[in-house]
Amino acid sequence: MRFRFALLAAKFTAWAINIVAKGRGTNLPGKIALKFDPDFISHIKGLDPDKTIFVTGTNGKSTTTNLMAHVFKKAGFRVAVNLEGANLIGGVVVSLLKNCSLSGQLNADVVLMETDERFLPIIHKQLPAKHLCITNVQKDQVQRNGEPEIIRRKILSVISEDMTVYVNGDEPNALSLGEKAGRCVKYGVDRNKSSFDKKNDFFSVTAPCPICHEAIVYDHYNIDNIGSFHCPTCGFGAAANDYLATEIDFDAKTFHVGDKVYDFKYSTPYFLYCYIAALTVASEFGASSDVISEAFADFALQGGRMETVKVGTKEIKYLRMKQENPETVQSALNVIADDPTPKIFLLGLDELVDFDPHYTNTFYTFDCDFRRLIASGIERCICFSGTVAYDAGLRMLYDGFAEEKLTVLPTNDDKTIIDELEKYDCDNVYLITWLHKYEALAEYVKKLNG
Amino acid sequence: MSDFDKLNRIREQFNRSTETLTNVSEVTGESGFRRLHILWLYPDVLNIHGGRGDVMAFLHMCDLMDIPVEIRRLDDLKAEADWSWPHIVYMTAGELKCVDKVAAALIRQMDGIKRFIRRGGLLIANGSSGAALAKTVELYDGSIVNGTGLLDMTWKERESVWGDDIWVRTEDGLDVIGNQIQVADVTLGEGQKPFGKVVYGRGNNDDGVEGAVSDGVVYTGVLGPLLTKNPHLTSGLVEAAATLAGVKVGRKLAPEDIEIEEKSAEYIKAFMKDKMKSAGESAEVETQVDTQTE
């Protein structure tokens, strides 16, 4: 009775929100369902943990989930999925609600949920998925996560012998999580023309082994802190991946798994890991290589990999980064560095305002390497922020950027930033900042353009 | 103008396989001079919070002050360091999980470490790497790791992380600012001197003090990286170590060398002051801040 009431109340709320603000993602219906029935999820009929997949990890889980859902749908599965990135318990409930009848019967063959790594234990308690895909466990949002090990332990706490985990075999923390599972399927990416090492940098560091805590050795990196590695002390990391992307061609946008060729429209090393993760899980669930290939060929990412806004003749290309997450910053820097033409670089780090206390962390940028970006032809770098503009500028200087080409604007004022940008002739502009700052700037430019 | 060209020219000359780096080709002075020796301990293991920036800051400061310096790194926890070589030993911030191996490696070398400290060496640990200098560390699962006990402090892993800005004033009146990501509460033994008093932030255990310091051994949890953000601290450390080691200091740090760092500090201190005000902290605190700064 309680479940029935919760279901109807939540469905009504979802319907009302859709009338008022169509397409707006919200957790409110989920919160209402859980308020009336704290065990709401377990009361849904037809929910099968054996057909439930969670995708978790620090980076790449939204794209991986989107790709997986696309493949499953192409393969004819009915999928309950939280594509909007609502990855806390409320978001999971909302996604299940959408696929429930008024009697509480789930109308889906597969439940696929992106789950926040920090809240995974809470979500898993309600919905004990038997399949867990782990993309990576890296430095991220240190104000709440502290150190990667804290998150690794949270994920480890849900893994049991009756589970199958799908892990990035090229990332030490993710791979280590497979050891406790009943079955571990490993995926990875072969060495390719974008692979690199850090042996030329005296200041480069690797990482402690998640098993023995001694230093890991990377034979090469495919993206920052992900690549072929081994621990010389305990031998961890030497096993072969079950699914390996090979013969990677970033220009032709293709890769192989075995003899089969797959397209990957978003042809960066970062996205390639999302593709191979999706391929691995979909294959294990019975999707054929032909269907996966077909799905990859027409997959379109919501929002794209890069957003642009025009100011006069200048095109500002915005690259997203995650807060306090050096790997996503490095990926963004690498994309810009791949453009050898002259450019203006706008860097808008700022204080972190996710929750109290707001604070001024920029130290994670010292885990990144700006030198390839700096060597790629930056005519002017404009660092802006109400609080940490000088810290951002200092970071550029430490990696060799010429001080005379650096402008530090200790403000977040949109007009000041755009006015400064317009002083320079170069039309090729890249921007790294928080999403909310980009949206504010884009809104300002929109008004400016009339 | 803060000249970073030297740092980047030097950086191009050395790599991981050289295992040592020196600025002698860049600093002025006669040949055959003594060098300041800095040992960077276990950087592959103690690898978080941008800590490598601290070692870059050491190099940059030595470039600015015309101090010939040689920096070596030791990554192998099983190897024995030559403790007669360094004047400064630095451990960058690492994960608390590594305290077992790092502490064990240091305990194994304790005779050398004590000789190093006796002859005036400076051992500094930043962030959670400081746990290796504690007497004991209690981890999340209740297990106890024995540290070196070089500082009279005990650590206990917290159930939740505390992250915020921090502003510390040392006994010498030096302001040190940065961030704190605290995964363990730190309790000092009676008589153990802290690194400094907290002007803003949480500190060791929300008890008004931060870090710990005794003869030749320093722990502070201030991140930033600590030494890029606090050039006066960095210059003080290298100058003191150079003087003790008989290494020539070519020039004093000039205000124009660190204009950008000073500007950064100005904005970040203002941000912390605003937080104190909005938290309703007393006018007394504000007065204290104002009188303590500049």
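**Exercise 1. Find how far apart the centres of domain 2 and domain 3 of chain A are, and describe their contact.**

Solution. Taken over C-alpha atoms, the centres of domain 2 of chain A and domain 3 of chain A are separated by 31 Å. The domain bounds, which come from an automatic or database domain assignment, are 1-43 for domain 1, 44-194 + 234-297 for domain 2 and 306-449 for domain 3 of chain A. Residues are numbered from 1 along each chain as its sequence is written, and chains are lettered from A and ligands numbered from 1 in the order in which they are written. This is a predicted model, in which local features need pLDDT of at least 70, side-chain atom pairs count only at pLDDT 80 or more, and totals for chains, interfaces and linings use all residues.

Next, the contact: two residues are in contact if their C-beta atoms, placed from the backbone, lie within 7 Å. Nine residues of domain 2 of chain A touch 14 residues of domain 3 of chain A. On the side of domain 2, two are nonpolar, five polar and two charged. Here Ala, Val, Leu, Ile, Met, Phe, Trp, Tyr, Cys and Pro count as nonpolar, Asp, Glu, Lys and Arg as charged, and the others, Gly among them, as polar.

**Exercise 2. Determine which residues of H1(A) are buried and which are exposed on the face turned away.**

Solution. Helices (H or I, at least four residues) are DSSP runs, numbered from the N terminus. Helix H1 of chain A covers residues 2-20. A residue is buried if 20 or more other C-beta atoms lie within 10 Å of its own, and exposed if 12 or fewer, with C-beta atoms placed from the backbone. By this rule A:Ala6, A:Leu7 and A:Ala10 are buried in H1(A). They lie on the same side of H1(A) because they cover an arc of only 100° around the axis, the arc being that of the directions from the helix axis to the C-beta atoms. The face turned away from the buried side carries the exposed residues A:Phe5, A:Phe12, A:Trp15, A:Ala16, A:Ile19 and A:Val20. Among the elements that cover the buried residues are helix H2 (28-36), helix H3 (40-43) and helix H5 (89-98) of chain A.

**Exercise 3. State how many residues each chain gives to the contact between chains A and B, and which helix of chain A gives the most.**

Solution. Chain A gives 42 residues and chain B gives 49 residues. On the side of chain A, H14(A) gives the most, with six residues. That side divides into 18 nonpolar, 13 polar and 11 charged residues.

Technical notes: Helix = DSSP H or I, 4+ residues; strand = E, 2+ residues; numbered from the N terminus. Expected span 1.5 Å × (residues − 1).
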